[in-house]
Structures are given as C-alpha cells and as structure tokens.
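Please look over the sequence and the model shown below before reading on. The notes that come after are meant to be read with the structure open beside them.

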Amino acid sequence: MSVILILIIASLLVAGGFLIAYIWAVRTGQYDDKYTPSVRILFEDLKNNAESAKKMADKLRTQNEELKNDKQNQK
Amino acid sequence: MERIELQDTKVKTQLICYHCGDECPDDSIHVNEKIFCCNGCKTVYEILEQNNLCDYYSIDKNPGITQKKQTKRNYDFLLDEDLVKKLIEFSDGKISKVTFNIPQMHCSSCIWILENLYKLNPGIINSQVNFLQKKIFINFSSKNTNLNEIVELLDSIGYEPQLNFDNTTTIKKSDYKKLYYKIGIAGFAFGNIMLLSFPEYLSLGTNEFPELKRIFAYINILLSLPVFFFSSSDYFVSSWKGLKKKIINIDVPLALGILILFIRSLYEIIFMNGAGYLDTLAGLIFFLLIGKLFQNKTYDTLNFERNYKSYFPISVTIKKDKTETTIPIEKLGVGNRIVIRNNELIPTDSVLIKGKANIDYSFVTGESIPTTKVNGETIFAGGRQMGSAIELETIKEVSQSYLTQLWNSKAFIKDDEPKIVSFANSISKHFTIAILLIGLTAAIYWYFVNPLLAFNAFTAVLIIACPCALALSTPFTMGNTLRIFGKNKFYLKNTYAIEKLAAVDAIVLDKTGTITENGASEVKFVGEVLTDNEGSLIKSTVRNSSHPLSLAIYNLLVNEKLLPTDYFDEEPGKGITAVINGFEIKIGAKSFVSEKNIDDKEQSTKVYVSINRKVRGYFNISNKYRSGLMEIISELGENNKISILSGDNESERNRLQEFFGSNKEMLFNQSPFDKLNYITSLQQNGKKVLMIGDGLNDAGALKQSDIGISISDDVNNFSPACDGILDSNSFSRLSDFIKFAKKSKSIIITSFILSSIYNLIGLYYAVSGTLSPIIAAILMPVSSITVVLFTTLSVNFFARKRRFI
C-alpha cells in the first residue's frame, strides 16, 4: 500500500514541476506576444543565408574582375 | 523592378519603387538597377545597404513605407531632460529602456529591421517588437546614444514613432497574467483531484483500505485550497460588488455554489469520512476560467479608449526674439508665438499671424478637404496644417481649447457601467431566488420526514443548480461572435457590445466620413474632352501634390501615363503649377488658374485646369456615398428608426433623400452638442440607439449612445472613444452584423434552456437527498461541455449561413 503513497507523491511532484514551468513561462512574458516569435524564428535561417550569399557574391565579383583583367590583358 | 502590363493593345511599362512598391514616373532616381519613387525611399535604401541590411527587401516584397509625404521632423525637443524622463521607462544610468508605438509596422520585414536596430546604432543594445501591439521595446546604453538619436534613426528608416504620453494600454497586462495563473492552478488541481477521486467513483479498494481513502481525501483538500482561495476569487469579489449595489449578477449563484461545494466537501471529509465534491469544484472553476479567457480575447492593436491626448504632439516649436526653441506642450501658455510646419497639428486655439494656412480638420469633423484661413482668423485646436510653415499666436491654454473642453465636458463622460444588463445577469436574480426557494422547501420537507437529510438536500440543491452551463454559454457564444466579427473587419470592444448591438432599435448616422467615403469623391471633368496627352500632363502634375483633391483627380485618371516633371510649385489654398515637356499646367481655384481676380468662395469643389494659360475646364468633385448605401439603409430601416446628423449645411439634402427616402429624419448644421442631445432625446423615448460616426465631433454622441461604432478606413488610425470600430469596407454588411448579434442572443437563450434541463435532472437527485459525488462529477462537466459545444457549433453554423466564414 505504501508504494501507492510513494507513487502519488511522485506524480504530484512531477505535475507540480509542470505547474511551476507554466507559471515561469507566464511570468517571463511568454504569453504576452503570441505572434511575433513565430516570425522571429524564421530570421535565424536568414542570417546564415545572408552570410553565404555575401560570400558567394564576393566570389563572383572577384571572378568577374579577373575575367575583365584577362580580357584587357588579351587586348 | 520592372513589370510589364498589357493594356488595350498599348504596351505600358510600369516602374515600381524598390523600397515601397509605389508607381514611379521614371527611372531618374535609382541606385544601380533599383528604381525609387522618391529620394526619401532611396535614402532609406542607402542607409540599409551601407549597413548590410538588405535582407529587409528579401523577406517581403517592397516592404518599405513611402517617403513621399513624409516631412522630416526636428526631434531636438527630445534632448529636454524633463521630457526624456517621462518617456523613458527605466534607467540605471547605464542602460535605459524605452517603448515606442510604431503604427507603420506591417510585415515581417518590419519586424526584422526593427529588431536589427543595433546594427544601425551601436548604442542600442537590443530591440524587440510586439507586432500585434505595434510596439518596439528598446534597451540602449545611455552613454553611447540618447533618445533623440534613436527617434531620428527610426524616422530616417521610415518608422516614425508615435510620441505621446498616453500609456493606457500597458496597464491591462497584469490582469491577463493573473488569469493565466488562475487557470494553470485550477487545471493542475482539477487533474490531480480527479485522479485521486477515481477509486471513489469506481469503488476500487475503498473498503479494503479505508485509511488510503482518507489520505486521498486530505490531499484533495490541500489541492483545492489554492483553487478556492486564489482561482475562484474573482467570482466572490464580483458578486460582493454586485450585492453592495443591490444587484444579483450571474456571479452570485456561482459564488454561492462554489462556497457550498467547498464547505460541504470539508464537512463530509473531516466529519463524515466521505469523499466530498472537490473534483466538481475544481472542474467547475477550471471551465469557468477558460470561458473567461475566451471572453476576454480582445484586440491588442486596437485602442477603443483613445482620447485627444494620444493624438496631440508632445512638443511644440515656439518663436521668441527670432529664435526657435522646442518646448513640451504643457509649458505652452497664452500669447506664445508658435510655428506649425507641414503636417503638424495645431495644439490649441490660436490666431494666424503669418503664412498661408490650409487646415485639414478631418481629425475633428471627418471632412478631409482642407479649409483655407487668412491672417487674423482663429484656428481651433485639432487642425492639421497642409503646406508651408505658419506662425500662430496662442489665445488659449491647451487645457482650455475648444477641443479639450469638448472632451472634458461632463456630458461627454460616460461611466463604464454597462447600460444594458447582460442577459445572463438579468435572469440570475430570478434564478437565485428560485433555487433558494427550492432548496429551502426541500430542507423543510426533509426536516419533518428525515432531519438527517435536510442539510444534505439544501446544499445539494445549491451545488447542482450552480449555473455553470449558463455562465459558460455567454462567454463562448459572445467570444465566438466577437471573433467572427473580427474576421469580417468589425472590431467590438468587448462581448457586452454584442448584447448592446442586439438590442438596438434606432440608428443614427453621421454624414461626412460615415456614409460618404472618406477622401474618395465623385470626380467628373466638365469641359471639352481631354486628349490622352493632356490627361497624362494633368496626372503627372497632381501626382506631386498630397492635397486630397489632387489625389481624387489622380485616382480618376487611371490609364494615363506618368511623365517626369520639370518644375513644380504648390501654393497652399490656391493651386499647383507644373512644367512638363514644355507645357505649363496650372490646376486649382478659378482665380488661380485664369489669373483674373474673381473672388469665388464656393469653388472649393471645382478644380480648374489650364494648360499653357488656356483654361480647359474643371473637375467637379462631390461627396461619394459608400457603395451599397441604399440597400443597407432600406435593410436597416425595416426594424429600426434611422436618422442622419450632419455638421454640414443642407446642400446635400436632395441627394440624401434619393438614398433615404423623405421619411427619414435628417438634421443639418449639427454641433457636437446637438448630436449628443439628439441621442439623449431618443433614449428618453425608450430607444436603444446605435450611433455610427467617425470624427471627434461625433465623440460625444458615440459615448452617449447605447453603442457607438466608429467607422474607419484604417482601423489602426485614430478613432474617438467607442464600443467598436468598423472597417469602412465592411460598412455594407452592417445590417448582417446586427442580425447576427441578435441571433447570438437567441443562441444564448436556447443554451440556457438546455442547461436548465440538466439542472432539473440534477435537482431530482438533490431534493431527494441522494446526490452522490459521482453524479455531481458527471453532471457538471457533461452539462458544461454540451452547452459549449452547442453554442460553438450553432454560432459557426449561422455564421456560415450568413457567409461570415
């Protein structure tokens, strides 16, 4: 029978943990704005894309310049 | 960016501004191959490009805000320490926090750029956007930057913050959080108590292990304590407030039920070795709070309580001994010389001293065509100067001005108490008395038959009759209706407004801006038919002006090509001159165009055109009534008394009669007070009045009416205090909205009958003294869930029928 008591206490502790997590979430303002975070998360990808795009553009530019130089040299 | 469109075999190349997506006349303003409509847009692009922030343009297409009509303001007043202290929310000397309202934000790109402000100004530590509230929260280092720089930065990229001291919207937040806490705790307790009550429901092992049953019951008491003392506190507070005013509201029987449930459960557990009804208690409160959350869902972005202060500037430029200084508006006194620039608001009643005043009073009257004033004339507060800077001398303090007085007049202050008692509240009085009577009768009966059951029967009646289903039907029906209205661009302040709307039997409409389309007008050209080239010349000329009449003409000339302008000049109040391809085009008042001195005052709606000094004719511009007006009026007229109030003169009476028929009441030359008095007189005749208006001049009437709805082209713009905001595009559905509100009310009545059936079943057990915890635990959630399902489904069904969803 005592095993039931231990289980009850354990289950209450687990549920209490979730309650505390919920209260923490409300307190830190996670329920204040339910829209913007959904957009913000998409910007994470953008940062990486932008960096790679910039590198790509730099690469292309140097290539173009080299080509131009080559052509001028040929002339 | 180029887009090629085929139109009537003519191939036309449309140039679109890379920044804001507006049409460009030519590609003269450009960076590389990106074309801009104006230098303002180009500047913003250059700022972003220099800082590697061009991702702005890749998130959404042409996300910018057009810079054409923006005039850069001087923000030096933000160096004033008193002012800065008021605006900054928190500062420890190193880090300061500030929040701005930015109504222009409209897309993901806006969020992105506003959250990357630190790249543009290293003094900004971080910035966070709340898109729904159109707010930005900025943390900045006080050492490296200041408020002035931040606001200038925001303005330079097109996001001019709204600066005012109206912070009424921020207060509500803590209430929201409290409700979330209450729901969380009630839900937690509900789940656990339910779990611990299962052995009791199913009679599992309760006889073999009686001490286990007791332990479970005591854990239940522990779990229910926060529910009773914290989560349900609102119901006790509200019913106590009601009783103090001698009103029995819906919360009284609820609070009574909750109290009895708790006391009887304690009694049974402690003294009778029973199980109690704590599961029912926790479940009831959990469901009720969910209903409350649903009902409280309001529109974050919209402000229904705005007053004139939120619209006024916080500073004003004054001129003293030929030097201009900026002072906070409270310090402005009588006799000061103030300078008002293009697009600035006149803060107090003043006399025009210098300059050409061309005042747009749309904020006050709803009429968007500016009026011209000459030196020495008095200009009332609330007008907006269009054109070059003017100098004025103040004759009243800001707090004494006509506008402020209008606002603070006692007649205009309406207490917040809802005038119409909600349906649930109106029947709760009879309901409470009825259940108390039934309970007492049962108690008296059992007192003589079997005294042991008397207490049981009495408390059981109060428990079972607890009108939770009734209390849930209103929030769910109305919350759902509110949401459906919102989808159709009709935003009501709260769910009470729906009940008020359902009760309406008289409708009062303002004319200007309400039944006429704001800004839009009926434009007709009178004179010899214009050639294509002439049309293009006129279109290209008016494009340079932001005057509403120019805009109206511009919109009329849809298919004409835009040509680059060589020269442009605007004389406020008179007209515009432009040179294009060697043609001189003059557009404006008759006297301006024909160069003959004709003093013709009524010409405000006739715009003359001359090309190379030859008068070609005029554009006749008249009010345009909203489309579908006639249908909507006849529909509304079936069940309601309809009246029109107008601040204008009677010139439109005949045209209005075409729409309204001659039997409708039409009153002209109405002052704001006349409008208010008219509403009051209707109410004294027992009418429930719906007032629809738009400008500040309707503010009093909107407040006095049972339900005031403000109509607006852009719901985020200013609107006077009201119960609801209707997007002008949805005006034609007004009658449907009212009918739907009525339907919602009848859904509530039906669901009340439904929940009464459950109550009657429960009462049978209650009066016979045989209510067991399991019956209560089944009946309560089942009745609540059926009611919630019924209301939600039927609201959706009728919404679909009326094509709302």
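This is a predicted model: local features need pLDDT of at least 70, side-chain atom pairs count only at pLDDT 80 or more; totals for chains, interfaces and linings use all residues.

Chain B has 805 residues, of which 53% are buried, and its secondary structure comes to 27 helices and 31 strands. Among contacts in chain B with a separation of 6 or more, 67% are made by residues 24 or more positions apart.

**The interface with chain A**

- On the side of chain B there are 29 residues in contact with chain A, and these meet 25 residues of chain A.
- The two chains bury about 2,600 Å² between them, and 71% of this area is on carbon and sulfur atoms. B:Y180, B:Y181 and B:F188 together supply 23% of the area that chain B buries against chain A, which is more than any other three residues.
- Across this interface there is 1 salt bridge, and it is formed by A:R40 with B:E115, whose closest N and O atoms are 2.6 Å apart.
- The interface also holds 5 residue pairs in polar contact, counting pairs in which both residues are at pLDDT 80 or more. The elements that give two or more residues to the side of chain B that touches chain A are helix 2 (56-59), helix 4 (108-115), strand 8 (124-130), helix 7 (173-201) and helix 8 (210-231) of chain B.
- Of the elements on that side, helix 7 of chain B gives the most, with 9 residues. Sorted by class, the side of chain B that touches chain A has 17 nonpolar, 7 polar and 5 charged residues.

**Salt bridges within chain B**

- Over all chains, a search of the whole structure finds 15 salt bridges.
- One of them is formed by B:K292 with B:D234, with the closest N and O atoms 3.3 Å apart. Because B:K292 lies in helix 11 (residues 278-295) and B:D234 in helix 9 (residues 233-244) of chain B, the pair ties together parts that are 58 residues apart in sequence. B:K292 is partly exposed, with a relative accessible area of 23%, and B:D234 also counts as partly exposed, at 25%.
- Another salt bridge is formed by B:K396 with B:D349, where the closest N and O atoms are 3.9 Å apart. This pair links distant parts of the chain, 47 residues apart, with B:K396 in the loop between strand 18 (390-394) and helix 13 (402-408) and B:D349 in the loop between strand 12 (337-340) and strand 13 (350-354) of chain B. B:K396 is partly exposed, at 35% relative accessible area, whereas B:D349 counts as buried, at 1%.
- B:K354 forms a salt bridge with B:E391, the closest N and O atoms being 3.7 Å apart. Since B:K354 lies in strand 13 and B:E391 in strand 18 of chain B, the pair ties together parts 37 residues apart in sequence. B:K354 is partly exposed, with a relative accessible area of 47%, whereas B:E391 is buried, at 8%. Through salt bridges that share partners, B:K319, B:R337, B:K354 and B:E391 are joined into one network.

**Helix 6 of chain B**

- Helix 6 (residues 147-156) of chain B is largely enclosed by the rest of the structure, because 7 of its 10 residues are buried. The buried residues are B:L147, B:N148, B:I150, B:V151, B:L153, B:L154 and B:D155.
- The N-terminal end of helix 6 is capped by B:N146, which has a side-chain oxygen 3.2 Å from the backbone nitrogen of B:N148. Helix 6 is followed by B:G158, whose phi is positive, near 95°.

- B:S784 lies in helix 27 (residues 773-801) of chain B, and B:S784 is buried because its relative accessible area of 1% is under 20%.
- Leaving aside its neighbours within four places in sequence, B:S784 is in contact with B:C468 and B:L472.

How values were computed
Residues are numbered from 1 along each chain as its sequence is written. Chains are lettered from A and ligands numbered from 1 in the order in which they are written. Side-chain values use heavy atoms; hydrogens and water are left out. Helices (H or I, at least four residues) and strands (E, at least two) are DSSP runs, numbered from the N terminus. Buried means under 20% relative accessible area, exposed over 50%, partly exposed in between (1.4 Å probe, protein chains only). Contact means heavy atoms within 4.5 Å. Buried area is the accessible area (1.4 Å probe) that two parts lose on being put together, summed over both. A salt bridge is a side-chain nitrogen of Lys or Arg within 4 Å of a carboxyl oxygen of Asp or Glu. A polar contact is a pair of N or O atoms within 3.5 Å; within protein, one must be able to donate a hydrogen and the other to accept it, and residues adjacent in sequence count only if both atoms are side-chain atoms. Ala, Val, Leu, Ile, Met, Phe, Trp, Tyr, Cys and Pro count as nonpolar, Asp, Glu, Lys and Arg as charged, and the others, Gly among them, as polar.
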